[in-house]
Amino acid sequence: MPKSLAKVQKKISKKKGSTNSLHENSRDSQRLRRAGARDDKLAKVAAARVKSNQPHLQRVSFFQQAAQQANESMTLDTIQGVIQSYLGRSNEELVKLKHERRPGRPSSTREDLLKQRMMMEEREYDTGLWMPDLGIEENLKQLEKWNGEWGSLNTLKYVRIARSGTKHNSSFPPKGQS
């Protein structure tokens, strides 16, 4: 049985000719409605998945740029420095938003979102920040070749590095273990 809307439309048009001349509650029009609703639902799920993957893609992209600048495997101290620069990447924008706001006014939605994200990342760093392992030369080469897509992230090795300096192996995708 055809699943997608295009397949249903094609099958009905072969049978009847034009889909414009269907009765409102005929079997074929019900099949068209169901197929359209199914396509809409699948599109919503795919959009939600892309939106939920976006922060992880941005994080790996940041560490990819740092790895390209380093060109060699990093020690734990240099990785901690890169993490600090990652955590402070929004400080300038936050200061700018604070200066634009008039005294006595509540903070903007963007400012609240930035503060919330920064607080969550700081908490994650306390327990272990999920990131690609920058201490392995082979992993750095794979990270430099990474094309920015979610599907190709599974070839990399990941770790969780805590503020205390502990380093634990992790898996992909992150499972919210922090």
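Trp130 counts as buried, at 0% relative accessibility, where buried means under 20% relative accessible area, exposed over 50% and partly exposed in between (1.4 Å probe, protein chains only). The model is predicted, so local features need pLDDT of at least 70 and side-chain atom pairs count only at pLDDT 80 or more, while totals for chains, interfaces and linings use all residues. Residues are numbered from 1 along each chain as its sequence is written, and side-chain values use heavy atoms, with hydrogens and water left out.

**Exercise 1. Determine how the rings of Trp130 and Phe172 are arranged, and which parts of the chain they tie together.**

Step 1. Rings of Phe, Tyr and Trp (its six-membered ring) pair if their centres lie within 6.5 Å, and planes under 30 degrees apart count as stacked, over 60 as edge-to-face and the rest as tilted.

Step 2. The centres of the Trp130 and Phe172 rings are 6.4 Å apart and their planes stand at 25°, so this pair is stacked.

Step 3. Because Trp130 belongs to strand E1 and Phe172 to the segment after strand E3 (167-170), the pair ties together parts that are 42 residues apart in sequence; helices (H or I, at least four residues) and strands (E, at least two) are DSSP runs, numbered from the N terminus.

Step 4. Trp130 and Phe172 also belong to one aromatic cluster with Trp150 and Tyr158.

**Exercise 2. Work out where the buried residues of helix H3 lie around its axis.**

Step 1. The buried residues of H3 are Ile79, Gln80, Val82, Ile83, Tyr86 and Leu87.

Step 2. Viewed down the axis of H3, these residues fall within an arc of 160°, so they line one face of the helix; the arc is that of the directions from the helix axis to the C-beta atoms.

Step 3. Their cover includes helix H2 (27-70), helix H5 (109-127), strand E1 (129-132) and strand E2 (158-161), contact meaning heavy atoms within 4.5 Å.

**Exercise 3. Trace the salt bridge between Arg59 and Glu124 and find the network to which both residues belong.**

Step 1. A salt bridge is a side-chain nitrogen of Lys or Arg within 4 Å of a carboxyl oxygen of Asp or Glu, and the closest N and O atoms of Arg59 and Glu124 are 3.0 Å apart.

Step 2. Arg59 lies in helix H2 and Glu124 in helix H5, so the pair ties together parts that are 65 residues apart in sequence.

Step 3. Arg59 is buried, with a relative accessible area of 7%, and Glu124 is buried at 13%.

Step 4. Asp133 and Lys167 form another salt bridge, with closest N and O atoms 3.2 Å apart; Asp133 is buried at 5%, whereas Lys167 is partly exposed at 39%.

Step 5. Returning to the network, salt bridges that share partners join Arg59, Glu124 and Arg160.
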